[in-house]
Amino acid sequence: MPLSISVIITTYNYGQFIAGALDSVLGQSRPPTEVIVVDDGSTDDTAAIVAGYADRGVRYLWQANRGISAARNAGINAGSSDLLAFLDADDRWLPDKLARQLDHLAHFPTVGLVTGSEWQIYTSDHPAFYLRRKPGGAVMRYPQILVENLIGNASLVLIRRACFDRVGLFNERVGMGQDWDMWIRIAQVFPIGVVDGPLIQFTRHGGSITAGKVWQRYTSNRVFHHRYIRRVPSRLLRLRLLCAAQSMNCYYTAAVLVNDPSRRRTALGLALAAALLDPTYESRQKLGVLIRAAFGHNAFDRVRAVLRRRRAGMQPAPLLPPAQGT
């Protein structure tokens, strides 16, 4: 018997995006069993737009605003399927997302969660960016996942319900990083799978909850590091993980700040800290942001051009597919 899939779309005042999200789910080459929209207290036209999809089996749940973790938990409780997939209303799935993830689960039945790569799409003039995650069959990602979020955002994942039965629901007391908190808990128990290729279009825009909160995320990441890494039994491993985790935290913050000329000095300090704390993990990426912070984007582009010529025989990133629902 084929596995059933519940799709949970969470939204809060994203009426401008919700139709595109729904279209990308309903247009899957392997359709889901049920689609549930959990509206976390929207005051815009979200309800009216979703009502137009009722004849296609889309269920609509409204709740007073309690945050995205509470909205996802409401969807988990309302769904009845073997597998659960999440989609933030401002993101889009590529047409074969579910099919590729189901194929992966069929080949690796011990996997509890399967993710993949993504196209990051900007509503500004910023060019699209392909963020690739290295494919893997059925890999225990703990404790490596304590260093950084190796799985990505919730729009990427397909999760067995057994994971939630084992580790519980999303922590509604966690603000930033609630996804990462859940992935850590799952990765402690279940192997993780990664599909080779892009599964979603992740939208970056001024209204997204991840936008414009650089230092909040930096502080939140440090809290996560200390909360979980301190539980690792080996003292030496704790030290190695803390250094690697703070190195990546500095790197990610520098990678954002380096694009603001007024913050390049701060970015340079963070990039140097990232390189000194752990010069081996993601060394090429850290070197790139260090060059940009120290010498500017033009110097970085010249270095990147040289490296690309040396890697001329490597396969390029997949072509960006047409936008969904626009």
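## Cysteines

Cys-163 is buried, at a relative accessible area of 0%. Cys-243 is partly exposed, at 27% relative accessibility. Here buried means under 20% relative accessible area, exposed over 50%, and partly exposed in between, with a 1.4 Å probe and protein chains only. The whole structure holds 0 disulfides, a disulfide being a pair of cysteine sulfur atoms within 2.5 Å.

## Model basis

This is a predicted model: local features need pLDDT of at least 70 and side-chain atom pairs count only at pLDDT 80 or more, while totals for chains, interfaces and linings use all residues. Residues are numbered from 1 along each chain as its sequence is written, and side-chain values use heavy atoms, with hydrogens and water left out.

## Nonpolar cores

The largest nonpolar core has 51 residues. Helix H8 (residues 235–257) gives the most to this core, with 9 residues. A core is a set of buried Ala, Val, Leu, Ile, Met, Phe, Trp, Tyr and Cys residues joined through side-chain atoms within 4.5 Å. Helices (H or I, at least four residues) and strands (E, at least two) are DSSP runs, numbered from the N terminus. Phe-86, Leu-113, Ile-159, Phe-164, Trp-183 and Ile-186 have the most contacts inside the largest core. A second, separate core of 30 residues includes Phe-17, Tyr-53, Val-58 and Leu-98.

Trp-183 contacts Leu-113, Ile-159 and Phe-170, among others, not counting residues up to four places away in sequence. Contact means heavy atoms within 4.5 Å.

## Helix H4

H4 spans residues 97–107. Its buried residues are Lys-97, Leu-98, Gln-101, Leu-102, His-104 and Leu-105. They lie on the same side of H4, because they cover an arc of only 155° around the axis. That arc is taken over the directions from the helix axis to the C-beta atoms. Exposed Ala-106 and His-107 sit on the face turned away from the buried side.

S2 (residues 34–39) has 6 of its 6 residues buried. Glu-34, Ile-36 and Val-38 point one way; Val-35, Val-37 and Asp-39 point the other.

Pairing requires at least two DSSP bridges between the strands. Thr-10 has Val-38 of S2 as its bridge partner. Val-35 has Val-58 of S3.

S1, helix H1 (residues 15–26) and S2 form a right-handed β-α-β unit. The crossover from S2 through helix H2 (residues 46–51) to S3 is also right-handed. Right-handed means that, with the strands pointing away from the viewer, the path from the first strand over the helix to the second runs clockwise.
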